[in-house]
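Hi,

Here is the structure I promised to pass along. Have a look at it first, and then read on for my notes.

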Amino acid sequence: MQASGAISRHRPGQLAIEPFAGTVTVRFSDAIVAATERAKVLREEGHEPVFYIPFEDIYFDLFEKTNTTSESPPKGTASYWRVHAVGSSADDFMWAYETPDTAARAIARHGAFDPKKARIDVEPAEDKRHTPHVTE
């Protein structure tokens, strides 16, 4: 069986990583576990956009690294962390590509969070160039 032309031109897993203009806050239960104005957005064909937060803006005292890993071409090997806060915990709450493949190098030392376990609040920055000014 031959692959169709449409399938052979398709590039699965193509990544786009860009800075996010705004604030991203991650909560577990009632605790803020990460907050930043320096997030990056990873867009991968066939997947929802994922916000990655710099390690410096993650409260690692609430996390415990686990033995869980996963492979994701073209990003590489992901490591996972368990969160402990407000008397509760969740396994595989956060993941990171500590030494990502070349295509994902921009998210090295950044963590992402499972949207089914975390509350991820995203506030885009106000675009002052396009905000109408009302004179009184």
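Below is what turned up, starting with the overall fold and moving on to the charged side chains.

Please keep in mind that this is a predicted model. Of its 136 residues, 35% are buried. Its accessible surface is about 8,900 Å², with 50% of that belonging to carbon and sulfur atoms.

Now the salt bridges: the whole structure holds ten. One of them pairs Arg 43 with Glu 18, with the closest N and O atoms 3.4 Å apart. Arg 43 sits in strand β4 and Glu 18 in strand β1, so this pair ties together parts that are 25 residues apart in sequence. Both ends are partly exposed, Arg 43 at 38% relative accessible area and Glu 18 at 35%.

Lys 75 and Glu 44 also meet in a salt bridge, at 2.5 Å from N to O. Lys 75 is in the loop between β6 and β7, while Glu 44 is in strand β4, 31 residues apart. Both of these residues are buried.

Another bridge joins Asp 57 and Arg 38, at 2.9 Å between the closest N and O atoms. Here Asp 57 is buried at 16% relative accessibility, whereas Arg 38 is partly exposed at 45%. Shared partners join Arg 38, Glu 56, Asp 57 and Arg 109 into one network.

Finally, which residue is buried yet has no salt bridge? That is Asp 114, whose nearest side chain of opposite charge, Lys 117, is 4.0 Å away. Asp 114 lies in the loop between β9 and β10 and touches Asp 92, Phe 93 and Trp 95, leaving aside residues up to four places away in sequence.

Best wishes

Key
Residues numbered from 1 in each chain as written. Predicted model: local features only at pLDDT ≥ 70, side-chain atom pairs only at ≥ 80, totals over all residues. Heavy atoms only, no water. Buried < 20%, exposed > 50% of the residue type's maximum accessible area, 1.4 Å probe, protein only. Areas by Shrake-Rupley, 256 points an atom, 1.4 Å probe, with all protein chains shown as cover. Helix = DSSP H or I, 4+ residues; strand = E, 2+ residues; numbered from the N terminus. Lys, Arg positive; Asp, Glu negative; His and termini not counted. Contact = heavy atoms within 4.5 Å.
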